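Hi,

Here is the structure I promised to pass on.

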There are 6 protein chains.
Amino acid sequence: MPYVNLKITKDGVTKEQKAELVRGITDLLVRVLNKKPEHTHIVIDEIDVENWGYCGVLTSEYRANDKD
Amino acid sequence: MPYVNLKITKDGVTKEQKAELVRGITDLLVRVLNKKPEHTHIVIDEIDVENWGYCGVLTSEYRANDKD
Amino acid sequence: MPYVNLKITKDGVTKEQKAELVRGITDLLVRVLNKKPEHTHIVIDEIDVENWGYCGVLTSEYRANDKD
Amino acid sequence: MPYVNLKITKDGVTKEQKAELVRGITDLLVRVLNKKPEHTHIVIDEIDVENWGYCGVLTSEYRANDKD
Amino acid sequence: MPYVNLKITKDGVTKEQKAELVRGITDLLVRVLNKKPEHTHIVIDEIDVENWGYCGVLTSEYRANDKD
Amino acid sequence: MPYVNLKITKDGVTKEQKAELVRGITDLLVRVLNKKPEHTHIVIDEIDVENWGYCGVLTSEYRANDKD
C-alpha cells in the first residue's frame, strides 16, 4: 500500500543513486511497517532549479547568492 | 471541485488514450458524485521508468527481470 | 504502476460510491492502457469545504453565495 | 487551470486566515499569469506535527528541542 | 514548514514570472501565517496541455473549441 | 530541497515508527544525495482503508477477502 513521492532538484542524479534510494526506502518500509515490496511504489520527481522556490527566491538564484 | 492526478509510467500513451481517460474519469465523477465537468480537473503525469520504483527496484530493472 | 489521487470535497460520499469510483477508474485503466489491477492504487482525499478554495473564496463561502 | 496544494502544519489556522490565503494566491495568479479565478482551485492540507518530519525528526520533537 | 505545489499548464511562463509567484506566495505565508521563508518550499509543475483534462476533454482540445 | 510525501494506510502507526521513518529517509537522502537535513521535509499521510483502492476494490474489502 505505501506510495512514496520524492521531489528533488534536477541535479544529475544517476540511475544508480535512484536505485539506491528506491531500495533504501523500500527496505525501511519493510523493516519499520512490515510492508510488502510488491505493494510499494516510489515516484521520483526531478524538479528544474527554476521551478523550485526556496526562501522567497528561485533555487537557481538562491544557489547563485549562496556562492557569492 | 474534483481534482484528479493520474501518475503512469512513460510508455508512449497516445493523445487519444489520454482523451479517453479524461472523458471516462469525468463521466464517472458526473454519474457517481453528480460533479460538474466545468469544475473537474485531471492532470496526467507520465513518469520515466527510471523514476518509478516498484518491488524495491527501478521499473526499468523490474521489467528487464520480468522478461528473463 | 498507475497511482491515482482523487481529491473531492467532504460531502458525505458513501462507501458504496467510493467502491464504484475505484472499480470504474481501475476498469478504465485496464481497458485503455492495459494496466494490471494488482499494480493500480487509488487514494481518495476528502477535503473540508473550508480547506478548498475556488474562485478566490473558500468553497463554504462559494456555496453560500451560490444559494443566495 | 491552476491547481495549488498548500501543505501546512496543523496549528489552529483560522477560517479567516484560510480565506486570506485563497484570496491572495488567486489574486497573484490573476495578476502574474492572467489566470481565471473560476479555473483556479486551491487545496489546503493541515498536517499533524507528528506527521511532518523536518531536520530528521518529527516537528513535534523539533519544536520541543527549539524551546529548550 | 509550508510546502506549496503549484500546477499550471505549460504556456511559456518566464523565469521572472516564476520568481514573482515564489516571492508573492512566500510573502503571503509570512504575513498571514508568520511562516519562516527558510522553511518555505514552493514547487511549480508545468503540465503539457495534452496532459491536463478539463470539462471532460484535453485542454488542447478545450482551447481549440474555445477559439471556434 | 527534498520533499517527501509518504502515503500509508491508517493502521495505528506509532509516533516512534513515524520518527524512525523520518530519520531513515533523511539519513538516506544525506548519504546518497548529500542533501542537508535542514532542507529536508517529509509529510506522512495516513489514509483510511475505505479511501485507498487497490486491485479494483477498497482496501477494507481487499483485506476482508484476503482473510477468507
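Let's start with B:Tyr54, which is buried (under 20% relative accessible area; exposed is over 50%, partly exposed in between, with a 1.4 Å probe and protein chains only), as its relative accessible area is 3%. B:Tyr62 is partly exposed, at 22%. These two form an edge-to-face aromatic pair, 4.9 Å centre to centre with 80 degrees between the planes. Rings of Phe, Tyr and Trp (its six-membered ring) pair if their centres lie within 6.5 Å; planes under 30 degrees apart are stacked, over 60 edge-to-face, the rest tilted.

Before going on: this is a predicted model, where local features need pLDDT of at least 70 and side-chain atom pairs pLDDT 80 or more, while totals for chains, interfaces and linings use all residues. Residues are numbered from 1 along each chain as its sequence is written, chains are lettered from A and ligands numbered from 1 in the order written, and side-chain values use heavy atoms, without hydrogens and water.

Over all chains there are nine aromatic pairs. In one of them, the rings of B:Tyr3 and D:Tyr3 are stacked, because their centres are 3.6 Å apart and their planes at 5 degrees. Both B:Tyr3 and D:Tyr3 are buried.

Then there's A:Pro2, where UniProt (unreviewed entry) places the feature "active site"; positions follow the numbering used here, feature names are shortened, and annotations may be inferred rather than shown by experiment. A:Pro2 is buried, with a relative accessible area of 1%. Leaving aside neighbours within four places in sequence, its contacts (heavy atoms within 4.5 Å) include A:Lys35, F:Ile8 and F:Trp52.

Cheers
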